[in-house]
Amino acid sequence: MLTLSEKEVEKIAAQLLKGMICFYQLDNKKIYQLPDDEDYFNYDLTPEEEDILDEIEDNPENFAEFVKMEPNQEHQMMEKFADRIVKERNFQDELVNALGKPKAATAFKFLIDSSGKYNELWKEYRLQNYKDWIKE
């Protein structure tokens, strides 16, 4: 079983939130991050990144892969945040309403970004959820 330090978990979580995929090399305990194809489809890999991918392909059992949450998991996280963290009823209703529409994540992010205090709470909440996701 893989055991990561808190610092390693935090680094991986931060990279996933930036749209990267992380690989943890088991034998030398090193973290590599590469762009997620979905988020960076026009991105050209550097020679170093190409070498990392080649090494992963040649020796996959020596790497643990970490990817971002699926959209439905992100959606559930947003719902839980609105339900458990947001205390102002009107704002909570706005978030729930936004989550029930198409482009829910975009609408949620717009409301959170313009909310002031909930913006920081959301970032902390999301980071903690990603840390828990990685530990699983």
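Start by selecting Asn59. At 27% relative accessibility, Asn59 counts as partly exposed, where buried means under 20% relative accessible area, exposed over 50%, and partly exposed in between (1.4 Å probe, protein chains only). Asn59 sits in the loop between H2 and strand E3 (63–66). Helices (H or I, at least four residues) and strands (E, at least two) are DSSP runs, numbered from the N terminus. Asn59 and Leu2 are 17 Å apart in space and 57 residues apart in sequence.

A word on ground rules. This is a predicted model, in which local features need pLDDT of at least 70 and side-chain atom pairs count only at pLDDT 80 or more, while totals for chains, interfaces and linings use all residues. Residues are numbered from 1 along each chain as its sequence is written, and side-chain values use heavy atoms, with hydrogens and water left out.

**Whole chain**

Zoom out and colour by secondary structure. The chain has six helices and three strands. From the N terminus on, the order is α-β-β-α-β-α-α-α-α. Along the principal axes, the C-alpha atoms fill a box of roughly 55 × 35 × 25 Å. Of the 136 residues, 36% count as buried.

**Salt bridges between helices**

Which side chains pair with Lys131 in salt bridges? Select Lys131, Glu6 and Glu10 to find out. A salt bridge here is a side-chain nitrogen of Lys or Arg within 4 Å of a carboxyl oxygen of Asp or Glu. Glu6 and Lys131 meet in a salt bridge at 3.8 Å, N to O. Lys131 lies in helix H6 (residues 117–135) and Glu6 in helix H1 (residues 6–17), so this pair ties together parts 125 residues apart in sequence. Glu10 and Lys131 form a salt bridge too, at 3.2 Å, N to O. That pair links distant parts of the chain, with Glu10 in helix H1 and Lys131 in helix H6, 121 residues apart.

Check the cover on each side chain. Lys131 is buried, at a relative accessible area of 10%. Glu6 is partly exposed at 41%. Glu10 is partly exposed at 37%.

Next, select Glu74 and Arg126. They form a salt bridge, the closest N and O atoms being 3.4 Å apart. Glu74 lies in helix H3 (residues 71–84) and Arg126 in helix H6, so the pair ties together parts 52 residues apart in sequence. Glu74 is buried, with a relative accessible area of 11%. Arg126 is partly exposed at 24%. Salt bridges that share partners join Glu6, Glu10, Lys131 and Lys135 into one network.

How many salt bridges are there by this rule? The count comes to eight.

**A buried glutamine**

Go to Gln92, in helix H4 (residues 89–99). Buried or exposed? Gln92 is buried, with a relative accessible area of 9%. Show the backbone oxygens of Ala82 and Val86. The Ala82 oxygen lies 2.7 Å from a polar atom of the Gln92 side chain. The Val86 oxygen lies 3.4 Å from a polar atom of that side chain.

**A negative patch**

Asp54 counts as partly exposed, at 40% relative accessibility. Asp54 belongs to a surface patch of negative charge, whose other members are Asp27, Asp44, Glu48, Glu50, Asp51, Glu55, Glu57 and Asp58. Such a patch is made of residues with over 30% relative accessible area and no salt bridge, like charges being joined within 9 Å.

**Two lysines with positive phi**

Finish in the loops. Select Lys29, in the loop between strand E1 (20–25) and strand E2 (30–35). Lys29 has a positive phi of about 50° although it is not a glycine. Its relative accessible area is 58%, so Lys29 is exposed.

The last stop is Lys103, in the loop between H4 and helix H5 (104–113). Lys103 is not a glycine, yet has a positive phi of about 60°. Lys103 is exposed, with a relative accessible area of 68%.

Notes. Patch = residues over 30% accessible without salt bridge, like charges linked within 9 Å, V, L, I, M, F, W, Y side chains within 5 Å. Areas by Shrake-Rupley, 256 points an atom, 1.4 Å probe, with all protein chains shown as cover. Lys, Arg positive; Asp, Glu negative; His and termini not counted. Charge placed at Lys NZ, Arg CZ, Asp CG, Glu CD. Polar contact = N/O pair within 3.5 Å; in protein donor to acceptor, adjacent residues only side chain to side chain.
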